[in-house]
Amino acid sequence: MCSAGQLNVKTDTPPGVGPDDSRQPAVTGTDCGAGDTMCVGVILGFPPEIARELQEWRASFGDPMAEVIPAHITLITTTPTQDWAATRDHVREVAQAQEPFTITISGTGSFRPISPVVFVNVEEGFEECVQLHEKLQSGPLERMLPFPYHPHVTVAHDVAQENLDEAETVLRDYRATFPVVSMGLYEHDTNGIWQLREELDFGGDTDEEQQADTSRAGGRSSTSN
């Protein structure tokens with residue numbers, strides 16, 4: 001598994017924070033872990049150096065979530081499911097059918113006034129993300145979303161308007177390119193914490209499967225102010 005694919009959410013992440021699309025309404029804690037229901041999310045993580053750089057930018061705009069949410073692209077926002085085995089198998093199948101691809105993030109956009117969010121655009125790899133989302137948001141994870149899926153990288157959320165303006169201006173020339181070779185399947189556990197359940201290599205096995213089967217044997221960025 002390449003580090004470009006893994007997101008390590010800190011174990012002190014507040015309830016409700018995790019793999020999420022900033023425009024979509026949050027699934028409440030009562031929806032996750034109620035009865036047989038669990039909530040999952042699927043994301044694309046970033047190479048450590050790019051994730052660190054974007055987290056530093058996010059922190060500079062006064063966003064407290066910079067400390068607990070590493071930079072990532074959400075493929076599936078918080079989604080309830082009652083069948084973990086079917087969900088796991090479904091996500092594994094999508095990953096195994098997907099070839100690695102390249103992501104380029106470039107320039108900024110905003111969901112304002114619908115949502116107080118500024119993001120870095122996904123340029124190269126946009127269609128691959130959309131296709132992955134459509135494949136994943138089916139079967140045991142099928143549900144209707146109020147807004148069309150739009151891959152993006154949040155860099156400021158729910159901060160003062162002047163901070164949102166600053167983020168949108170300062171990062172308008174930001175650009176980074178990196179390979180994506182896997183995606184992470186997360187569970188929102190009963191303690192309100194996002195736990196990585198499996199990191200799934202594209203066209204291959206999960207980390208768990210690779211470790212169990214002992215018989216089988218970076219990125220760049222630029223900002224101009």
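This is a predicted model: local features need pLDDT of at least 70, side-chain atom pairs count only at pLDDT 80 or more; totals for chains, interfaces and linings use all residues.

Me: What pattern does the protein chain follow, read along the sequence?
Reply: Going along the sequence, the protein chain runs β-α-β-α-β-β-α-β-α-β-β-β-α-β. That comes from 5 helices and 9 strands. Helices here are DSSP runs of H or I with at least four residues, strands are runs of E with at least two, and both are numbered from the N terminus.

Me: Now helices. At what angle do helix 2 and helix 3 pack?
Reply: Helix 2 (residues 84–97) and helix 3 (residues 126–136) pack at about 150°, and their axes are 10 Å apart. The axes are lines fitted to C-alpha atoms over the stretch in contact, and angles run from 0 to 180 degrees between N-to-C directions. So helix 2 and helix 3 are roughly antiparallel to each other; the cut-offs are under 35 degrees for roughly parallel, over 145 for roughly antiparallel, 65 to 115 for roughly perpendicular, and oblique for the rest.

Me: And which residues make the contact?
Reply: On helix 2 they are His90, Val91 and Val94, and on helix 3 they are Leu132, Lys135 and Leu136. Contact means heavy atoms within 4.5 Å. By class, there are 4 nonpolar, 1 polar and 1 charged residues in the contact of helix 2 with helix 3. Ala, Val, Leu, Ile, Met, Phe, Trp, Tyr, Cys and Pro count as nonpolar, Asp, Glu, Lys and Arg as charged, and the others, Gly among them, as polar.

Me: Switching topic: which peptide bond is cis?
Reply: The one from Arg112 to Pro113 is cis, with omega near 5°. Pro113 sits in the loop between strand 3 (101–110) and strand 4 (117–122).

Me: What about Asp158, what is its phi?
Reply: Asp158 has a positive phi of about 60°, although it is not a glycine. Most residues other than glycine have a negative phi, and most peptide bonds are trans. You'll find Asp158 in the loop between strand 5 (152–157) and helix 4 (161–170).

Me: Is Asp158 buried or exposed?
Reply: Asp158 is exposed, because its relative accessible area is 60%.

Me: And Pro151, buried or exposed?
Reply: Pro151 has a relative accessible area of 1%, so it is buried. Its place is the loop between helix 3 and strand 5.

Me: Which residues is Pro151 in contact with?
Reply: Leaving aside neighbours within four places in sequence, Pro151 is in contact with Ile73, Val122, Phe126, Cys129 and Val130.

Me: Last one: where is His188?
Reply: His188 is in strand 7 (residues 182–188). His188 counts as buried because its relative accessibility is 6%. His188 and Val40 are 148 residues apart in sequence, yet 6.0 Å apart in space, C-alpha to C-alpha.

Note on methods. Residues are numbered from 1 along each chain as its sequence is written. Side-chain values use heavy atoms; hydrogens and water are left out. Buried means under 20% relative accessible area, exposed over 50%, partly exposed in between (1.4 Å probe, protein chains only).
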